[in-house]
Amino acid sequence: MDKEKLTNDMIYSHLWDMTFNKKVYKNGWRRQTMPDSGEWTQPASETDIDEGEPRLFSGLNTPLEKGQKGKFGGESASFEYVLESITDMSAAQKDKTYPHVSKVANQISTKVEDDWLTPSQKSQCIKLQEMWGKFYSGNNSWKRAKRSPERAFTRAKPSAPQWGDELQIMGLLINADCKFKKCWTNIMQYAFVDRTESACSMRWYQLKKEDYRLKWYGKGKSAAEKISLAKRLAKSTMKVQLERKPKRE
């Protein structure tokens, strides 16, 4: 069983329970504030293993043996497993030496500024904005023709995608008491290259009325922490957007 692959591939999409040595461990019940951030929505309990599986073996009274069995169970699947092999890495780790690595300062400030991206990234984002604008204004998709006996399709303007991660970024900035125009100018226009300013403005002010959703964004964090997290999420979203290009259907 490739446990590393299981953890990396499943932690964000499934909630797993693992029975091992007559004790139930939990994998994936906690959530990271963003992928690979090292920040979690709640502290780990003694049964959480999403920070490293070695803690599974620390409480064993007898050594592991080949052939031992266990069971995984989650939202959409469950399976039994059999221990096929054991590799003791403790001796190798003792002899390992690591170079000194100095702490790297966080370059993302807590101000609503565009200091979180490079001039080159800004230029790429502006070009993508123009490309997406032309794409959405042209007949680059299809829709079913009205009153057509053959139920034929005709060329039409594409529909904008559903709102997703953008809402978390907006919510963090709203809860930090930031103004829309400044947030659009310095953050959102670069992260949401396939959205227009008017569309974002409408969704921003609509979100401000959705208390049931808004109250969870950045809960427990200071205004500065919310802004910093919003910019980090924007940076992650922007990198994904730079890999996408409009495509005519």
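**Rings and a helix crossing**

Visitor: Which residues do ring pairs link into a cluster?
Guide: Quick ground rules: this is a predicted model, so local features need pLDDT of at least 70 and side-chain atom pairs pLDDT 80 or more, while totals for chains, interfaces and linings use all residues. Residues are numbered from 1 along each chain as its sequence is written, and side-chain values use heavy atoms, without hydrogens or water. Rings of Phe, Tyr and Trp (its six-membered ring) pair if their centres lie within 6.5 Å; planes under 30 degrees apart are stacked, over 60 edge-to-face, the rest tilted. Ring pairs make a cluster of Trp132, Phe135 and Tyr136.

Visitor: How many aromatic pairs are there in the whole structure, and what is the Trp132–Tyr136 pair called?
Guide: The whole-structure search turns up six aromatic pairs. For Trp132 and Tyr136, the ring centres are 5.7 Å apart and the planes sit at 25°, so this pair is stacked.

Visitor: Are Trp132 and Tyr136 buried or exposed?
Guide: They sit four residues apart in helix H3 (residues 119–137), so about one helical turn separates them. Helices here are DSSP runs of H or I, at least four residues, numbered from the N terminus. As for accessibility (under 20% relative accessible area is buried, over 50% exposed, in between partly exposed, with a 1.4 Å probe and protein chains only), Trp132 and Tyr136 are both buried.

Visitor: How do the rings of Phe180 and Trp204 pair?
Guide: Trp204 has 2% relative accessibility, so it counts as buried, and Phe180 at 7% is buried too. Their ring centres are 5.5 Å apart with planes at 70°, so the pair is edge-to-face.

Visitor: Which helices hold Phe180 and Trp204?
Guide: The pair ties together parts 24 residues apart in sequence. Phe180 is in residues 180–191 and Trp204 in residues 197–207, so the helices are H5 and H6.

Visitor: At what angle do the axes of H5 and H6 cross?
Guide: Contacts (heavy atoms within 4.5 Å) include Phe180 and Trp184 in H5 and Cys200 and Trp204 in H6. Axes are lines fitted to C-alpha atoms over the stretch in contact, with angles from 0 to 180 degrees between N-to-C directions. The axes come within 11 Å of each other and cross at roughly 125°.

Terms used
Helices (H or I, at least four residues) and strands (E, at least two) are DSSP runs, numbered from the N terminus.
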